[in-house]
Amino acid sequence: MIRTLNRFLSACFFPKGPLKWFLMGGFGALLALCTWIVYAAGGTQCAYVHIYYFPILACGMCFGARGGLSAGAFAALLSGPLMPMDTVHQLDQPVFSWVLRGIFFMSIGGLSGMGATIFRSFLENQKLRLLQDPLTHVWNMRGLKEHAMTRQRQGKKLVAVLIEIKQLVQIDAALGPEGTQGLLRQICERLVTLASSSATVGHLETGGFVLLCESLESAHRLVEICRTYFTGSFTVDHVPVFAELHYGIAQADSATEPMTTLLRKAKIATNRSLELKRDFAAFKEEDDQKLQRSVFITHALKTALDASQLRLYYQPKVSLETGRVLGMEALVRWPHPEYGMIPPGEFVPVIETTLLVNPFTKWLIHQGMAQLAQWHAQGLEVSMSLNFSMANFQDMSLIEELESLVGEYSLKPQFVEIEVTETAVATNIASIRDILFYLRQKGYRIAVDDFGTGQSSLNYLFELPFDVLKIDQVFVRAMCENSGAEAIVRSALLLAKELNLESVAEGVENAKELDLLQAMGCAIGQGYHFARPMPAELATQWLKSHAFVKIANTHAQK
Ligand code: C2E
Ligand code: MG
Ligand code: MG
């Protein structure tokens, strides 16, 4: 639409180049044709003399006031002293008559030219309003697209740098829209100066800025300049503000790549820089694939939950002292009809970022408790470990659901263990303290999962009521070859003992690891050495035939 308007403007009003000369010639010929018509029709006494207005008006519109005046003057001359009033009787015109007509012609030409100039500047203003951001007066998204298309027509593969302000939401809440606008204007003015002629600056409605460059080198150079210049400190209305800028850089794959695709790639890079807690990242294809997959997972998860596509697998936990099978950990599986088995490591973190986290855990609790009740009914007195996400502790209805199911199936709470990862616990002590104490008081057992991978600060261990410490499998799997890993496992076991916590080693894969764990005094083991996670039916069969498992160095029964 804008491009059509643009072409129309440049073609019709104030043409340039060959078109200008062509039109000037055309109008000259038209004036000559008008003169012949007026002469042939009998002279200026006839109404035909008014046809001069057509070329005069057209000339004014095309060439402005000067063009209109000139065309009017020409028309006045051609229809003036040389043209008879009556060509049949060769009667001359009175001077007053052709002079007055000339004045009319010139006035109409001048006025039409002035009107065209005003109209043109109005259209140009409108065009700018469509393409420019009203706050910063740099290009908006539409403007950037227009600009990119012009460059791409010259075969350029563009590079976009997307700059986002990390604290924009907080600043907006703290300073209000006017403060935010002040900050954006400040940053934009500086970006325009820094970019100078090496890049085109744009501002998006989302608050981000775009630098459109013609090569990767110039984009990198510009980002370096900006990183050096913007230190994060700004002053808005005499208030000091800290705002960190994150830069995402992406190059178009071809000269025809749409601007929206290029900006999407730059956005992925900016997000990556935020994730990595760095101020800069370049676009990588695998980040895009990861994002597409996580978007797909988020969409498909709801269907998976509704259509009961998710399955629970169970992995045994074995006493390393007696070989007795003490419990089962419920581990979710997603056998997707199209994409095969999707591992929990891929979709659980996605669930945790959405509101599906609670319906999902509700499903987990229902399945887990029903299975536990079935096992207990069959005389298989094991415990059930359920993995909880942080968000689950914010929703009391989940805990109520768990309690009501435990009551409904007449289970003892001490057979239910809730696992929560160290990373989640250590960063949210205050928000989960009450609920953990409540669960502990009701008799449920609580385990710190993946111990050793989360935090260096261990204060959560004495601030929160834990019963079990599960040492992460990375240490267990490496401890036979790596003395550092062995030292960590040894220290963790010592810590568990001192804090009166039950110790569980995850990821026990072979007899050598088992021996070492036993020697170090680990209470419980879990891993492929005993059994892999199994679907419910297989797990039941396994439990029936494995009340005890054979433990090296002990005389445990099988
Ligand atoms: P996790 O709770 O630490 O579970 C242990 C993980 O180690 C499981 O991976 C299990 O299959 C794997 N594993 C057990 N023994 C061995 C072994 O000997 N060698 C190796 N290489 N791996 C072993 P999985 O099932 O892929 O689960 C990964 C993580 O996903 C879990 O770690 C847990 O954090 C999360 N997860 C699984 N199910 C759920 C769930 O229902 N809810 C929540 N919130 N998270 C879950
Ligand atoms: Mg676990
Ligand atoms: Mg774990």
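Colleague: Which pocket does the space taken by ligand 1 form?

Modeller: This is a predicted model. Within it, the space taken by ligand 1 is the largest pocket.

Colleague: Which element supplies the largest share of the shell around ligand 1?

Modeller: Several elements each supply at least two residues of this shell, among them helix 10 (344-352), helix 11 (357-377) and strand 13 (445-451). Helix 16 (473-478) also belongs to that group. The largest share, 4 residues, comes from strand 9.

Colleague: How many residues of the shell around ligand 1 are charged?

Modeller: The shell around ligand 1 has 24 residues, of which Arg333, Asp449, Gln473, Glu509 and Tyr528 come nearest. By class, the shell divides into 10 nonpolar and 6 polar residues, and the number of charged residues is 8.

Colleague: What percentage of the area that ligand 1 exposes when taken alone does the protein bury?

Modeller: Polar contacts include a side-chain atom of glutamine 315 at 3.0 Å from a nitrogen atom of ligand 1, and one of glutamate 329 at 2.9 Å from an oxygen atom of the ligand. A polar backbone atom of tyrosine 528 lies 2.8 Å from an oxygen atom of ligand 1. Taken alone, ligand 1 exposes 790 Å², and the share of that buried by the protein is 86%.

Colleague: Is threonine 180 buried or exposed?

Modeller: Threonine 180 lies in helix 6, residues 168-195. The cut-off for a buried residue is under 20% relative accessible area. Because its relative accessible area is 7%, threonine 180 is buried.

Colleague: How far apart in space are threonine 180 and leucine 326?

Modeller: In sequence, threonine 180 and leucine 326 are 146 residues apart. In space, their C-alpha to C-alpha distance is 58 Å.

Terms used: Residues numbered from 1 in each chain as written. Chains lettered and ligands numbered in written order. Predicted model: local features only at pLDDT ≥ 70, side-chain atom pairs only at ≥ 80, totals over all residues. Heavy atoms only, no water. Near = heavy atom within 4 Å. Polar contact = N/O pair within 3.5 Å; in protein donor to acceptor, adjacent residues only side chain to side chain. Areas by Shrake-Rupley, 256 points an atom, 1.4 Å probe, with all protein chains shown as cover. 1 Å grid on protein atoms, 1.4 Å probe; cavity = no way out; pocket = protein on both sides within 12 Å on 5 of 7 lines; lining within 4 Å. Sits in = over half its atoms within 2 Å of the grid points. Nonpolar A, V, L, I, M, F, W, Y, C, P; charged D, E, K, R; others polar. Buried < 20%, exposed > 50% of the residue type's maximum accessible area, 1.4 Å probe, protein only.
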